[in-house]
Amino acid sequence: MGAKARLLRPALPRCADGPFQCWSCCLPCLVVPMAVPPQLRALLLAVNALLRKRRYHAALAMVKGFRNGAVYGVKIRAPHALVMTFLFRSGSLQEKLRAILQATYTHSRNLACFVFAYKGLCALQSHVQGETYQVHSFLAAFIGALLVFRDNSNINSQINMYLLSRLLFALCRLGVEKGYIPEPRWDPFPLLTGIVWGLVLWLFEYHQRTLQPSLQSSMTYLYQDSDVWHDISDFLLYNKSLPSK
């Protein structure tokens with residue numbers, strides 16, 4: 001049974017780079033050993049053949065970019081919305097869940113649409129000019145952001161602030177690398193830390209309305225709620241006294 005069965009067993013196709021190593025044919029490798037209809041197998045082979053065609057690479061990259069943007073938006077927003085909603089938002093459980101789903105959907109949709117637009121505009125510029133230039137990235141992102149992130153919503157504001165902080169750090173590093181900014185002889189991070197915290201606490205104490213709402217809530221919990229208590233219950237056990245029945 002053993003040796004004879006192995007001889008009679010049909011040989012399965014293998015990836016040239018080894019089993020499950022080739023992105024273009026790993027799906028047929030997974031499907032072929034199973035009992036599937038020939039039509040489905042033929043469809044999968046045709047789809048993978050299409051995905052391997054270089055002439056469609058730009059368009060397919062837009063589609064996968066849309067997919068990755070949607071997935072990444074869910075991964076980023078869902079945990080954040082879940083934690084922030086249950087920590088700081090009031091309302092019924094249904095209202096909280098609706099808010100989490102809405103924030104996750106909006107973030108995922110916007111990011112997916114932006115990636116789709118960015119990759120499409122980059123490909124269009126390269127096709128028109130016959131070559132890729134660095135300015136293409138800026139123009140594609142600029143136009144894509146105007147199309148997708150132009151509304152001054154909470155989620156878009158959070159995304160912009162997330163990017164802005166990293167952008168400033170990156171531009172400073174680039175300036176040092178290019179020689180536009182002298183390389184510091186000492187670590188400037190402690191000074192930067194002091195300036196950032198000094199400014200944000202000054203704004204919170206005297207110009208609180210200028211800060212983003214979620215930051216206001218966080219800092220109120222830390223710096224203002226800690227000034228108020230009535231007994232041991234709202235001193236250690238709870239932030240605020242429980243309502244009397």
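Lysine 240 is exposed, with a relative accessible area of 56%; here, exposed means over 50% relative accessible area, buried under 20%, and partly exposed in between, with a 1.4 Å probe and protein chains only. The model is a predicted one, in which local features need pLDDT of at least 70 and side-chain atom pairs count only at pLDDT 80 or more, while totals for chains, interfaces and linings use all residues. Residues are numbered from 1 along each chain as its sequence is written, and side-chain values use heavy atoms, with hydrogens and water left out.

Lysine 240 is found in the segment after α10 (232-237). Apart from neighbours within four places in sequence, lysine 240 is in contact (heavy atoms within 4.5 Å) with Asp225 and Asp234. Its C-alpha atom is separated by 9.5 Å from that of serine 226, a residue 14 positions away along the chain.

Turning to the chain as a whole, the protein has 10 helices and 0 strands, where helices (H or I, at least four residues) and strands (E, at least two) are DSSP runs numbered from the N terminus. The pattern along the sequence is accordingly α-α-α-α-α-α-α-α-α-α. Of the 245 residues, 22% count as buried. The accessible surface, from the Shrake-Rupley method with a 1.4 Å probe and, for residues, only the protein chains shown as cover, comes to about 19,100 Å², and 65% of this belongs to carbon and sulfur atoms. Among contacts between residues at least 6 apart in sequence, 41% join residues at least 24 apart.

A search of the whole structure finds 6 aromatic pairs; rings of Phe, Tyr and Trp (its six-membered ring) pair if their centres lie within 6.5 Å, and planes under 30 degrees apart count as stacked, over 60 as edge-to-face and the rest as tilted. One of these pairs, phenylalanine 114 with tyrosine 118, is stacked, at 6.2 Å centre to centre and 15° between the planes. Both residues lie in helix α5 (residues 93-129), 4 residues apart, or about one turn of the helix. Phenylalanine 114 also forms a tilted pair with phenylalanine 149, at 5.5 Å centre to centre and 45° between the planes. Because phenylalanine 149 lies in the loop between α6 (134-148) and α7 (154-178), whereas phenylalanine 114 lies in helix α5, this pair ties together parts that are 35 residues apart in sequence. Phenylalanine 114 and phenylalanine 149 are both buried, while tyrosine 118 is partly exposed at 24% relative accessibility. Phe114, Tyr118 and Phe149 form one aromatic cluster.
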